[in-house]
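User: I'd like to go through this model helix by helix, with the cut-offs spelled out. Can you take my questions one at a time?

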Amino acid sequence: RSAWQYVVAGLFVAAALLIRLVLNPVLGVSIPYAIFFLAIILVSWFCTLGPSVMSVLASTLLATYYFIPPQGSIYIETTADWIGLVLFLGVSSVLIM
């Protein structure tokens, strides 16, 4: 049962990534984490804490890599992007409790 929860968590995060990639021409670098919140909420609702934490970490890495400049890297250049990351992690931590 536990292993399936990680699969479900991965599928929710992958779906969020695909949706965000489709919306990327419209959104650009704006609101990089918004769609991932939905995935985290769904994972925390249907799964236990371990898959929920995994979904937060995976969402953070994917959003940073694909949507935070410089794209294609997990390097964060600006203070605003760091603040956005910290807020995402803070809110996500509350969501999975």
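User: Let's start with S59. Which helix is S59 in?

Analyst: Quick ground rules: this is a predicted model, where local features need pLDDT of at least 70, side-chain atom pairs count only at pLDDT 80 or more, and totals for chains, interfaces and linings use all residues. Residues are numbered from 1 along each chain as its sequence is written, and side-chain values use heavy atoms, with hydrogens and water left out. Helices here are DSSP runs of H or I with at least four residues, numbered from the N terminus. On that basis, S59 sits in α3.

User: Is S59 buried or exposed?

Analyst: Buried means under 20% relative accessible area, exposed means over 50%, and partly exposed is in between (1.4 Å probe, protein chains only). S59 has a relative accessible area of 0%, so S59 is buried.

User: Which residues does S59 touch, beyond those up to four places away in sequence?

Analyst: A contact is a pair of heavy atoms within 4.5 Å. With residues up to four places away in sequence not counted, S59 touches V13, F36, I40 and F88.

User: Which helices do the buried residues of α3 pack against?

Analyst: The buried set in α3 is P51, S52, S55, V56, S59, T60, A63, T64 and F67. These buried residues pack against α1, α2 (34–46) and α4.

User: What span does α3 reach from its first C-alpha to its last?

Analyst: α3 has 19 residues.

User: What about L62: which residues is L62 in contact with, leaving aside neighbours within four places in sequence?

Analyst: L62 is also placed in helix α3. Its relative accessibility is 24%, so L62 counts as partly exposed. Leaving aside those sequence neighbours, L62 is in contact with V13, L17, F36 and F67.

User: How many aromatic pairs are there, and what kind is the pair of Y65 and Y66?

Analyst: Rings of Phe, Tyr and Trp (its six-membered ring) pair if their centres lie within 6.5 Å; planes under 30 degrees apart are stacked, over 60 edge-to-face, and the rest tilted. That rule gives five aromatic pairs. For Y65 and Y66, the centres are 5.1 Å apart and the planes are at 80°, so the pair is edge-to-face.

User: And what kind of pair do Y66 and F67 form?

Analyst: Y66 counts as partly exposed at 33% relative accessibility, whereas F67 is buried at 0%. Their ring centres are 6.1 Å apart and the planes make 45°, a pair that is tilted.

User: Which element gives the most to the nonpolar patch?

Analyst: Nonpolar side chains (Val, Leu, Ile, Met, Phe, Trp, Tyr) are joined within 5 Å, like charges within 9 Å. L18, L21, L61, Y65, Y66 and I74 make a patch of about 570 Å², and the elements giving two or more residues are α1 (2–27) and α3 (49–67). With three residues, the top contributor is α3.

User: Where does I74 lie?

Analyst: I74 is exposed, with a relative accessible area of 53%. I74 lies in the loop between α3 and α4 (79–95).

Terms used:
Patch = residues over 30% accessible without salt bridge, like charges linked within 9 Å, V, L, I, M, F, W, Y side chains within 5 Å. Areas by Shrake-Rupley, 256 points an atom, 1.4 Å probe, with all protein chains shown as cover. Salt bridge = Lys/Arg side-chain N within 4 Å of Asp/Glu carboxyl O. Expected span 1.5 Å × (residues − 1).
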